[in-house]
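Work through the exercises below with the sequence and the model open side by side. Each task is followed by a solution in steps.

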Amino acid sequence: MDLQISVFLLFVLFTAGHSFSCYECLGLTGSCSAQTLKTCPSISTKCMSSTTVVQAGDISSKVKLKDCVADCANGSMNLGIAKTSLVCCNTDRCNLQDAPDPSNVLNGKTCYSCDEKSCSNILRCSGSEDRCFKATGTIGGQSTVIKGCVSKSICDAETSVRDVQGTSCCEGNLCNGAQSVTQSANGAQSVTQSFLFLCCSLLSFILLH
Ligand SMILES: *[C@@H]1O[C@H](CO)[C@@H](O)[C@H](O)[C@H]1NC(C)=O
């Protein structure tokens, strides 16, 4: 009995000592001024913040997100129509600052991107986007392909997720064409990628249809 109580107390102390929090924000109008603190579930050991800019013709809109995540990486992802910058950190409440706006500085690299009609648009990458990627997923029952530029750090984040199948990164200009994409060595798919994929795709869906 004594042993059980001791073990219980130890458990309480242990778990209480490890509570970890992050700022949470769903800034659909481009601001996180109403962010709140959230105690993360035990699976989450990192905080993230992201800034997405969606540009469709004359329409431009900015969305900021913050949350606890299991894994993430610093970097950016560019689908042409939408660009996201992501900041990831692993200390308590570390995502107070908003992620910076995605870079507009072209870096000389090119990748294919998709619109509603085709996946052979040539996209010029910016900032730290030194890889091309291709992903397929299902949104509202419809199979969708997305392609674009991405940072190597995001490709390397290793957490598998069921929502997105066949996410792959490659190195070299226009390497993410239909035939030439190969799965990354470890088949890694990241939470970040699927999260951004769903977020960006949802936004483009809302704006374009
Ligand atoms: C990501 O960037 C932030 C801010 O620039 C930095 O504090 C943090 O250490 C970086 N995280 C990683 C995993 O490199």
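**Exercise 1.** Which residues does S126 touch, not counting residues up to four places away in sequence?

*Solution.* The model is a predicted one, in which local features need pLDDT of at least 70 and side-chain atom pairs count only at pLDDT 80 or more, while totals for chains, interfaces and linings use all residues. Residues are numbered from 1 along each chain as its sequence is written, and side-chain values use heavy atoms, with hydrogens and water left out.

Step 1. Locate S126 in strand β8 (residues 121-126). Strands (E, at least two residues) and helices (H or I, at least four) are DSSP runs, numbered from the N terminus.

Step 2. List the contacts, meaning heavy atoms within 4.5 Å. S126 touches N78, K83, S103, N104, V105, L106 and N107.

Step 3. Pick out the polar contacts of the side chain. A polar contact is a pair of N or O atoms within 3.5 Å; within protein, one must be able to donate a hydrogen and the other to accept it, and residues adjacent in sequence count only if both atoms are side-chain atoms. The S126 side chain meets the side chain of K83 at 3.1 Å and the backbone oxygen of S103 at 3.4 Å.

Step 4. Classify the residue. S126 has a relative accessible area of 1%, so S126 is buried. Buried means under 20% relative accessible area, exposed over 50%, and partly exposed in between (1.4 Å probe, protein chains only).

**Exercise 2.** State which residues touch the most other members of the largest nonpolar core, and which elements contribute to that core.

*Solution.* Step 1. A nonpolar core is a set of buried Ala, Val, Leu, Ile, Met, Phe, Trp, Tyr and Cys residues joined through side-chain atoms within 4.5 Å.

Step 1. The largest core has 20 residues, and L79, I81, F133 and V150 touch the most other members. Two or more residues come from each of β3 (46-56), β6 (82-89), β9 (131-139), β10 (142-150) and α2 (152-156).

Step 2. In soluble globular proteins, nonpolar side chains tend to be buried together.

**Exercise 3.** Which residues are around the ligand?

*Solution.* Step 1. With a residue counted when one of its heavy atoms lies within 4 Å, the residues are N74, V87 and C88.

Step 1. From N74, a polar side-chain atom lies 2.4 Å from an oxygen atom of the ligand. From C88, a backbone N or O atom lies 3.2 Å from a ligand nitrogen atom.

Step 2. The ligand alone exposes 360 Å², and the protein buries 29% of that. Accessible areas come from the Shrake-Rupley method with a 1.4 Å probe; for residues, only the protein chains shown count as cover.

**Exercise 4.** Is C47 buried or exposed, and is I43 buried or exposed?

*Solution.* Step 1. C47 lies in strand β3. Its relative accessibility is 0%, so C47 counts as buried.

Step 1. I43 lies in the loop between β2 (36-39) and β3. Its relative accessible area is 64%, so I43 is exposed.

Step 2. Check the C-alpha separations. I43 and C68 are 25 residues apart in sequence, with 9.2 Å between them.

**Exercise 5.** Describe the setting of R93 and of L174, each with a positive phi.

*Solution.* Step 1. Most residues other than glycine have a negative phi, and most peptide bonds are trans.

Step 1. R93 has a phi near 60 degrees and lies in the loop between β6 and β7. R93 is partly exposed, at 43% relative accessible area.

Step 2. L174 has a phi of about 55 degrees and is found in the loop between β11 (164-170) and α3. L174 is partly exposed, at 26% relative accessibility.

**Exercise 6.** Where in the protein chain is confidence lowest, and where highest?

*Solution.* Step 1. pLDDT is the predictor's confidence in each residue, from 0 to 100. The chain averages 79, and 72% of the residues score at least 70.

Step 1. Confidence is lowest in helix α3 (residues 191-208), at a mean of 48, and highest in strand β7 (residues 106-113), at 97.

Step 2. pLDDT stays under 50 over residues 179-195, for which the model has 47 contacts beyond four places in sequence.
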